[in-house]
Amino acid sequence: MEWRTVQYDNQSTFTGYTDEGMKRQKVGCLKLASGDKYIGQWNEGMMTGLGKYSFKSGDEYCGELEEGQFNGNGFINNFIGGYVGNKKHGQGTAITSDHVLTQTWKHGRLSASAKSTFLEHAKSLDLRATLLVKFTNIFPHQSPETEADYTAELTTKEHCYPSKCVYTGSFFGTKKTGFGKWSHPDGDTYIGYWIDNCKEGWGTYKTSPEKYYSGLWKEDKMSGWGVYYLSATEYYVSEFVADRKSGSALFHKEGEPSMYQIWSSGKLISEKEATENEIAEFEEVRTYISQKCETIENQNT
């Protein structure tokens, strides 16, 4: 097994590991003459394992591959779900600016589509976050080029910053990457996942024992489904985009009617008293998020 750069007759280039027979193995990057690029795992000359396939158009698939094709779970653009032979297959979620749809596909053909429940939407975003975390654990360098980049591993340590903030967890070089706990001398804490110093995936940020956010993060901001606790008896279950409530939300305050709200970029658009069925649907999401964050914390401590 040797690390090398191979230039093919079709003007494609591979940089990574090859065996004596020049078959691509383990990890590496294939740059195609078409402008497409794949960074990820290989086996017997074929893309197999976890990887990112970037198209010249700007679209990017991140997920599982087998024998050179998208096979397994992955996401591309607004679709998160299953693939077989480069085609959508099985259940997935299509997310647009207007709708979130749970779909069933059979070898690239849509066979069923319906509005997603809030829990189905949350689970699809969970899948996306899980795939990103897995990819980062394998390839902590976000733009690997050299053998050292591809074989780099996360380290675990405790670091105290000049601000007196303390981080205990995984690093890639000097950047918080992977799972870790951050604490501020004023009492704020964050426990969850990071990529390149940014909160990413599942995590819980607390400003006090009773005031905190648990849910999904993207690029250091609350993004996806989460629960924002104002106190032990008052909370929002909501969709968030870039730290702002955006989409459907339930506002609960003990002793008062729960309110079904619609938000847009942090502005309340409408609200009404929630029905029992609506409350139950939001509470399913709250339970799922609580269990998810608790499980992740327990697995990493």
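User: Is arginine 286 buried, exposed or partly exposed, and at what relative accessibility?
Analyst: Arginine 286 is partly exposed, at 22% relative accessibility. Buried means under 20% relative accessible area, exposed over 50%, and partly exposed in between, with a 1.4 Å probe and protein chains only. This is a predicted model: local features need pLDDT of at least 70, side-chain atom pairs count only at pLDDT 80 or more, and totals for chains, interfaces and linings use all residues. Residues are numbered from 1 along each chain as its sequence is written, and side-chain values use heavy atoms, with hydrogens and water left out.

User: What does arginine 286 form a salt bridge with?
Analyst: Glutamate 283, with the closest N and O atoms 2.8 Å apart. A salt bridge here is a side-chain nitrogen of Lys or Arg within 4 Å of a carboxyl oxygen of Asp or Glu. Glutamate 283 is buried, at 18% relative accessible area.

User: How are glutamate 283 and arginine 286 separated in helix H3?
Analyst: By about one helical turn, because they sit 3 residues apart in helix H3 (residues 276–299). Helices (H or I, at least four residues) and strands (E, at least two) are DSSP runs, numbered from the N terminus.

User: How many salt bridges does the structure hold?
Analyst: The structure holds 6. Among them is lysine 23 with glutamate 44, at 3.3 Å from N to O. That pair links distant parts of the chain, 21 residues apart. Lysine 23 is in the loop between strands S2 and S3, and glutamate 44 in the loop between S4 and S5. Lysine 23 is partly exposed at 41%, and glutamate 44 is partly exposed at 42%.

User: New topic. How much space lies in the largest pocket?
Analyst: About 1,000 Å³. On a 1 Å grid over the protein atoms alone, a pocket is an open set of points with protein on both sides within 12 Å along at least five of seven lines; lining residues have an atom within 4 Å of a point. A volume is the space filled by probe spheres set on the points, which are joined across faces, edges and corners.

User: Which residues lie nearest its centre?
Analyst: Ile95, Val100, His121, Leu125 and Glu239, out of 43 lining residues. Helix H1 (residues 118–138) gives the most to that lining, with 6 residues.

User: And what volume has the second largest pocket?
Analyst: About 240 Å³. It is lined by 16 residues, and those closest to its centre include Thr204 and Cys293. H3 gives the most to this lining, with 5 residues.

Methods. 1 Å grid on protein atoms, 1.4 Å probe; cavity = no way out; pocket = protein on both sides within 12 Å on 5 of 7 lines; lining within 4 Å.
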